[in-house]
Amino acid sequence: MKKIQVGVVGATGYTGEELVRILAWHPNVAVSYVSGKEDRDIRIQEIFPYLKNRLDLECKAFSQSEAIEKCDLLFLSLPHTVSMQSAPALLKAGKKVIDVSADYRLKNVDVFEKFYKTSHKDTANLKQAVYGLPEINREKIKSAELVANPGCYPTGSILGLAPGVKKGLFDLSGIYIDAKSGVTGAGRKADKALNFSEVNESFKAYKLFEHQHVPEIDQELTRIAKKDMSVIFVPHLLPINRGILSTIYARLSKSMTTEELEVIYQKFYKDEPFVNVYPKGALPELKNVQRTNFCDIGLRVHPSGKLAVIVTAIDNLGKGAAGQAVQNMNIVCGFDETAGF
Ligand SMILES: NC(=O)c1ccc[n+]([C@@H]2O[C@H](COP(=O)([O-])OP(=O)(O)OC[C@H]3O[C@@H](n4cnc5c(N)ncnc54)[C@H](OP(=O)(O)O)[C@@H]3O)[C@@H](O)[C@H]2O)c1
């Protein structure tokens, strides 16, 4: 099969690096373009030495014309607001775009502008963007020109709640998500609060009730529930590099056992290559999902039968970003969904 030419814009960041790492070994693609923010005279294998003998490309500042000339499909691993300045020309030139940023995830522009504190510059393409959570939207992703790759926290949260929400098992007014993320979740850029000495041996909650991923989780769960719903979401910063562990508390509308809940979740995800519902009340750990595209899920129902506790584990750079973006590319291009992993 002829390989398609792909590019990674923002290849020097954490999600961009992870994309390049997966794509360089992907059987159906050739990485033909990579860029960073600055125009430097440097090659990608000088930045990431493990690409020696695998990928040898210049890594300069983003050039729209070069990206269009060299690629069939582009990943945008850029800060929000930068993606929506780059995507329109690529889409106009007939390229497929998978955006890892938040720019095309929220359908309500007012909500985007409130949470991201900036105006939206590409509402025309926002309408056609497909939210790239394969387990929920696979059919729509197949024909998408523009995929809005989900946020890291929303991926773990939505996958943990979707089966119960869809089946009407939960009291939708009583859902609490207690999520903990490793430091790479904030990107590679310098930030005092993320210095090793600030984070190491510490643990803290942040952005209570105002995190930008709250409206994304609400939007997608509302679609699944087919009625308005809103979760209470509390993110935490873990002193580790990668991974998100989410502990989700959901009141059950009807009493049930752990075994009964497990059967429902197992059935919902039975054909999913990257979701692993643990049996017999076993609970997931980050070490089992780091550097993978898996979302592992463990379930327990409180002995009262009235409260479900769902624990999900993902790698924020894997299923929470680059891994999921490659999974989306596989779906868009008609490749085996697990190719490259
Ligand atoms: N980190 C995660 O776990 C995660 C998970 C899901 C989604 N995301 C989203 O993915 C996107 C990228 O995140 P990240 O963590 O990879 O960020 P990052 O490590 O800070 O990388 C950002 C990349 O964008 C480039 N860049 C920055 N400003 C630019 C500009 N004005 N023009 C062109 N290129 C520019 C940077 O180039 P230089 O290196 O040259 O500065 C770098 O390659 C963000 O929107 C983020 O919200 C991140």
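Trainee: Why is Phe-112 called buried?

Mentor: Its relative accessible area is 0%. Buried means under 20%, exposed over 50%, partly exposed in between, with a 1.4 Å probe and protein chains only. So Phe-112 counts as buried. This is a predicted model: local features need pLDDT of at least 70, side-chain atom pairs count only at pLDDT 80 or more, and totals for chains, interfaces and linings use all residues. Residues are numbered from 1 along each chain as its sequence is written, and side-chain values use heavy atoms, leaving out hydrogens and water.

Trainee: What makes Phe-112 and Tyr-116 a stacked pair?

Mentor: The whole structure holds six aromatic pairs. In the pair of Phe-112 and Tyr-116, the rings lie 4.9 Å centre to centre, with 20° between the planes. Rings of Phe, Tyr and Trp (its six-membered ring) pair if their centres lie within 6.5 Å; planes under 30 degrees apart are stacked, over 60 edge-to-face, the rest tilted.

Trainee: Why are Phe-112 and Tyr-116 about one helical turn apart?

Mentor: Because they sit four residues apart in helix H5, residues 109-116. Helices (H or I, at least four residues) and strands (E, at least two) are DSSP runs, numbered from the N terminus. Tyr-116 is buried too, at 10%.

Trainee: What makes the pair of Tyr-153 and Phe-233 edge-to-face?

Mentor: The angle between the planes is 75°, and the centres are 5.1 Å apart. That angle is over 60 degrees, so the label holds. The pair links distant parts of the chain: Tyr-153 is in helix H8 and Phe-233 in strand E10, 80 residues apart. Tyr-153 is buried at 2%, and Phe-233 is buried at 1%.

Trainee: How do you know that strand E10 is largely enclosed?

Mentor: Five of its six residues, 232-237, are buried, so the rest of the structure largely encloses E10.

Trainee: What makes E8 and E10 paired strands?

Mentor: Six bridges join them in the parallel sense. Pairing takes at least two bridges found by DSSP, so E8 and E10 qualify. Ile-177 stands opposite Phe-233 in E10. Strand E9 also pairs with E10, in the antiparallel sense over two bridges. There, Lys-204 stands opposite Leu-237.

Trainee: Why is Tyr-176 called partly exposed?

Mentor: Its relative accessible area is 41%. That value falls between 20% and 50%, so Tyr-176 is partly exposed. Tyr-176 belongs to strand E8.
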